[in-house]
Amino acid sequence: MGSSAGSWRRLEDSEREETDSEPQAPRLDSRGVLWKNAVGFWILGLCNNFSYVVMLSAAHDILKQEQASGNQSHAVLLADILPTLVIKLLAPLGLHLLPYSPRVLVSGVCSAGSFVLVAFSQSVGLSLCGVVLASISSGLGEVTFLSLTAFYPSAVISWWSSGTGGAGLLGSLSYLGLTQAGLSPQHTLLSMLGIPVLLLASYFLLLTSPEPLDPGGENEAETAARQPLIGTETPESKPGASWDLSLQERWTVFKGLLRYIIPLVLVYFAEYFINQGLFELLFFRNTSLSHAQQYRWYQMLYQAGVFASRSSLQCCRIRFTWVLALLQCLNLALLLADVCLSFLPSIYLIFIIILYEGLLGGAAYVNTFHNIALETSDKHREFAMEAACISDTLGISLSGVLALPLHDFLCHLP
């Protein structure tokens with residue numbers, strides 16, 4: 001594992017020439033290979049987002065210990081979002097020129113560096129540097145691994161998405177559990193340095209070399225659905241050819257992706273507007289839960305919903321993702337109205353709505369990338385996955401611009 005896209009293409013060409021003159025050797029157990037790749041992508045998704053979730057929670061703890069101001073808390077959010085946004089904006093322009101292995105190594109090193117920096121931080125500035133490294137690791141990893149799925153059966157997208165969903169739930173639970181058990185934030189972070197090691201081991205040791213021309217692991221209906229609705233298919237098209245795309249081709253493919261990018265941006269805009277701007281304001285006094293406990297339940301239920309729906313592709317597939325965007329915007333309107341008017345009588349209704357919010361967000365993510373994988377030509381699929389990665393981060397960034405000022409405004413209302 002760890003070969004670049006170019007070497008895969010050369011290997012494929014040489015193997016095809018050999019099979020013209022020699023009998024084909026028996027194939028390896030395709031089911032075993034499929035499961036290795038499925039588990040590999042699940043672990044990659046888990047590790048890529050796990051480090052980010054844990055490290056960000058720890059950074060907030062350290063800022064709290066250092067009695068950071070509200071402005072510094074906003075700085076954490078900027079350090080969290082901006083590096084990923086920059087990486088995803090630039091990725092379709094030149095990231096494909098770098099082989100996959102160095103990208104994965106950089107992602108793993110940045111992940112480990114974020115743990116070490118935040119663990120030994122003695123200042124807000126050093127903590128923010130740790131947040132930046134975690135953001136670089138997560139953003140670079142997501143772009144790299146999603147574009148890598150172009151070389152594998154589309155089923156791995158479901159496994160990758162499920163792993164990323166599990167990271168939110170397991171990451172927050174593990175950090176909370178270890179700190180509640182008596183470990184300091186520093187020792188908790190240092191105990192998790194095995195996560196970047198697991199990511200690198202999964203990529204270099206577990207994933208098998210892809211076979212672009214063989215859609216093994218896909219059923220007949222899914223194979224038939226692979227029609228080049230975005231981009232133009234040519235006889236010699238194959239995954240990994242995005243290095244040879246002209247700017248005009250890239251622009252044409254990107255325009256075709258907008259019908260998936262825009263709904264996903266809207267889903268994440270509404271989702272993180274709720275999470276960043278409204279969660280702390282949805283406070284019920286007629287319950288035994290404290291304000292902090294209510295907030296933790298909101299986060300836990302949201303993460304549970306995301307994990308469940310990102311793992312649901314095998315039993316529920318949604319092509320028209322704009323429906324999910326509409327429903328998420330309705331969620332935002334309902335919860336914003338409740339913050340202003342307090343008309344929902346029970347916190348358990350809020351629990352259900354937040355779980356539903358997570359389900360919509362996770363379903364939008366996994367179905368968007370699955371649909372793109374099915375509807376792009378082989379030649380354009382790697383580029384399309386890279387380009388569509390901007391959707392979630394752009395939605396989160398736009399929500400932060402509006403949600404934080406609105407949160408401060410609502411807090412000062414009489």
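What share of the chain over residues 75-98 is helix and what share is strand, and how far apart are the end C-alpha atoms? The span is 83% helix and 0% strand, and its end C-alpha atoms are 31 Å apart. Helices (H or I, at least four residues) and strands (E, at least two) are DSSP runs, numbered from the N terminus.

This is a predicted model, in which local features need pLDDT of at least 70 and side-chain atom pairs count only at pLDDT 80 or more, while totals for chains, interfaces and linings use all residues. Residues are numbered from 1 along each chain as its sequence is written, and side-chain values use heavy atoms, with hydrogens and water left out.

The protein has 15 helices and 0 strands. An unreviewed UniProt entry lists several spans as "transmembrane region", including 75-98, 257-274 and 320-337; such annotations may be inferred rather than shown by experiment. Residues 257-274 are 100% helix and 0% strand, with 26 Å between the end C-alpha atoms.

Of the 414 residues, 51% count as buried, which means under 20% relative accessible area; exposed means over 50%, and partly exposed lies in between (1.4 Å probe, protein chains only). Contact means heavy atoms within 4.5 Å. Among contacts between residues at least 6 apart in sequence, 87% join residues at least 24 apart.

A nonpolar core is a set of buried Ala, Val, Leu, Ile, Met, Phe, Trp, Tyr and Cys residues joined through side-chain atoms within 4.5 Å. The largest has 69 residues, and Phe-41, Leu-44, Phe-145, Leu-148, Tyr-203 and Phe-369 touch the most other members. Leaving aside residues up to four places away in sequence, Leu-44 touches Phe-145, Trp-160, Leu-199, Ser-202, Tyr-203 and Leu-207. Another core, of 22 residues, lies apart from it, and Leu-278, Tyr-302, Phe-351 and Ala-403 are among its members.

On the surface, Phe-320, Trp-322, Val-323, Leu-326 and Leu-330 form a nonpolar patch with about 520 Å² of accessible area together. Accessible areas come from the Shrake-Rupley method with a 1.4 Å probe; for residues, only the protein chains shown count as cover. Nonpolar patches join side chains of Val, Leu, Ile, Met, Phe, Trp or Tyr within 5 Å, from residues with over 30% relative accessible area and no salt bridge (a side-chain nitrogen of Lys or Arg within 4 Å of a carboxyl oxygen of Asp or Glu). Phe-320 lies in the loop between α11 (291-310) and α12 (322-341), and is exposed at 54% relative accessible area.

The loop between α12 and α13 (347-375) holds Ser-342. Ser-342 has a positive phi of about 50 degrees although it is not a glycine.

How values were computed. Patch = residues over 30% accessible without salt bridge, like charges linked within 9 Å, V, L, I, M, F, W, Y side chains within 5 Å.
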